[in-house]
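Good morning, and thank you for making time for this presentation.

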Amino acid sequence: MSVANFYTDNADIQFHLGRMDLGPLVRLREADFADAAACAYAPQDVADAVDNYRRVLDLVGQIAGDVIAPTSPETDTLGSHLVAGKGCVEYAPGIRKALKALAQADLMGFTLPRRFGGLNNPGIIYAMATEMVSRADASLMNIFGLQGIAETINLFASEDQKQAYLPRFASGEVTGAMVLTEPDAGSDLQNVQLRAYEDEEGEWRLNGVKRFITNGCGEVLLVLARSEPDETGGMGLSLFLAERNDRIRIRRTEDKMGIHGSPTCEMQFVDAPAQLVGERRRGLVTYVMALMNGARIGIAAQSLGLAEAAWRVARNYAATRIQFGRTIDRFPAVADLLAEMKLAIESGRAILYEATLAADYEYALEEAMGRETDAAKRSELNKEQKKYKRLAGFLTPIAKYWLSEMCNRVAYEAISVLGGSGYMKDYPLEQLYRDARITSIYEGTSQLQVVASVRGVTSGTAEKRFAELAQAEPPKGFKGAAARLQKVRAKLEAAVNDVKQKPADYLDLWARPLVDAAIDIYLSYLWMEMARHSRSKAVAAKRFVRRAIPRCEQTLRMVAGGDRSTIDAFDVLVGPAFVEE
């Protein structure tokens, strides 16, 4: 008997899928349905493609509810661990069971082309699926979500490499890992030192240590290594494809706070054979950046799933817990917490889908350019592709930053709703809280995401998008809000111009408030758009916009205030480091 279907029980996912105009994206991705005659499961038209998406999401939702979620507590307790004396990692039974179910359902090649056995689904559908898997078990998502390894191979590897590995990914025969981080190169990937060299036969070999590698026990590894020993920095790095063998050793698995089902490995490469992916020296600058952008969207979706799970526990508890003669959800303080949590989750879903669609269009337009022979049409496609590339470059770090922070906040507040019970293992919130904490750390900390996204605010990318969104007539009841938003946008632009006149460290200091203000403006427009399609969304939109606009105004006043105390009075405010004798 089904426990729940995580797609059919989520009205908000269905709301977004129902209102999206996916036609242009579908036609681009399907190359005007070129596969329809040759492949039995390829869509015949846009309606057929969207119906297929719904069917796939329904299947993911069923597996998430029936197979994955029931095993999550056991997976958290047992974890994945290194088998002593064997040098291999053993997944928790629930992880093995879930991966088998997902493979049998042909869901492990979610976005891969059909010629490799994939479903050729766009990233927006994959993000929805990732949320549902994460809601069921966030640690499993770290393996399911690593399909970005296969996507990177598809984008940049040779045809022989694609044929050798992508069908195996799509069938679920292999899983992968992106092997980037080192003990002395965490966020600073330009400092990667693992060495790549060509032996006497011209075969590439890898030597060195990697740390904090999610699913490092996977069979297929994408490894960032220094191929140019005399060149420091990112231009000395290349990307390599290595298959697990006895020259790649798992030295240990980390004992972590959360996501216990996901093995995090320290790895040693000892003259391990490898293949170069693409061209030398483009490993970090081109290939890993593309891989990381996909991974950041994945963590944003993971954050959304965790927040959804926490919210549901809190909501159900509050509706049944009676204190002082009534259920606690009727106490204004608790009701306000619940309302803010739900609003935050639905805001996160809106910004995640914006980011994912921008990335989808960027990729689909680039593919279309490769197929187009007419120079004028190719030039038009190139113009559109550059627009979406800028937008995706702005929104991807924003989605990762905002949703991971939101996820931690919602998990925290959910425990508050349950009080002492939320702190106990009788309820899943303590696990969700532990699992949530990593989301704002891995694949780039929140601080790094802010650094990446503030460029979109200062370069004008954000304002161009706001202007596009503002062209629509405000929905009924929102004309005043739209006028206030226009004034807030002017204040943001003035703040940006002011900051640009100051020393560079001032922008670094106030980057987060600037980004937060831009996100509030962006979400206000998205909420007004959603208000057109639903009465309940209109109610939520009014609440969001009423609170977001004053918040923006206050934030921008602080930015314009010129406070440099963090920098100028660092020694007083922070004090000296404590050095042990």
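First, a word on the source. This is a predicted model, in which local features need pLDDT of at least 70 and side-chain atom pairs count only at pLDDT 80 or more, while totals for chains, interfaces and linings use all residues. Residues are numbered from 1 along each chain as its sequence is written, and side-chain values use heavy atoms, with hydrogens and water left out.

Let me begin with the chain as a whole. Its secondary structure comprises 19 helices and 11 strands; helices (H or I, at least four residues) and strands (E, at least two) are DSSP runs, numbered from the N terminus. The radius of gyration is 24 Å, close to the 25 Å that the globule rule gives for 581 residues, so the chain is as compact as a globular protein of that length. That radius is taken over C-alpha atoms, and the rule is 2.2 Å times the number of residues to the power 0.38. The C-alpha trace spans about 75 × 70 × 60 Å along its principal axes.

How much of the chain is buried? Of the 581 residues, 54% count as buried, a term that means under 20% relative accessible area, with exposed over 50% and partly exposed in between (1.4 Å probe, protein chains only). Among contacts with a separation of 6 or more, 74% are made by residues 24 or more positions apart; contact means heavy atoms within 4.5 Å.

On charge, the chain carries 71 positive and 76 negative side chains, and the centres of the two sets lie 6 Å apart. Here Lys and Arg count as positive and Asp and Glu as negative, with His and the chain ends not counted. The place of a charge is taken as NZ of Lys, CZ of Arg, CG of Asp or CD of Glu.

I turn now to helix α14, residues 461-470. Thr461, Ala462, Arg465, Phe466 and Leu469 are buried there. Why do they lie on the same side of α14? They cover an arc of only 135 degrees around the axis, which puts them on one and the same side; the arc is that of the directions from the helix axis to the C-beta atoms. In general, an α-helix has 3.6 residues a turn, so residues three or four places apart point the same way. The cover over the buried residues of α14 includes α10 (332-371), α11 (375-418), α13 (446-458), α15 (479-500) and α16 (504-531).

Alanine 541 belongs to helix α17 (residues 535-560). Its relative accessibility is 0%, so alanine 541 counts as buried.

Aspartate 12 is found in helix α1 (residues 11-19) and is buried at 7% relative accessibility.

Threonine 130, in helix α5 (residues 123-136), is buried at 3% relative accessibility.

Asparagine 154 sits in helix α7 (residues 148-156) and is buried, with a relative accessible area of 12%.
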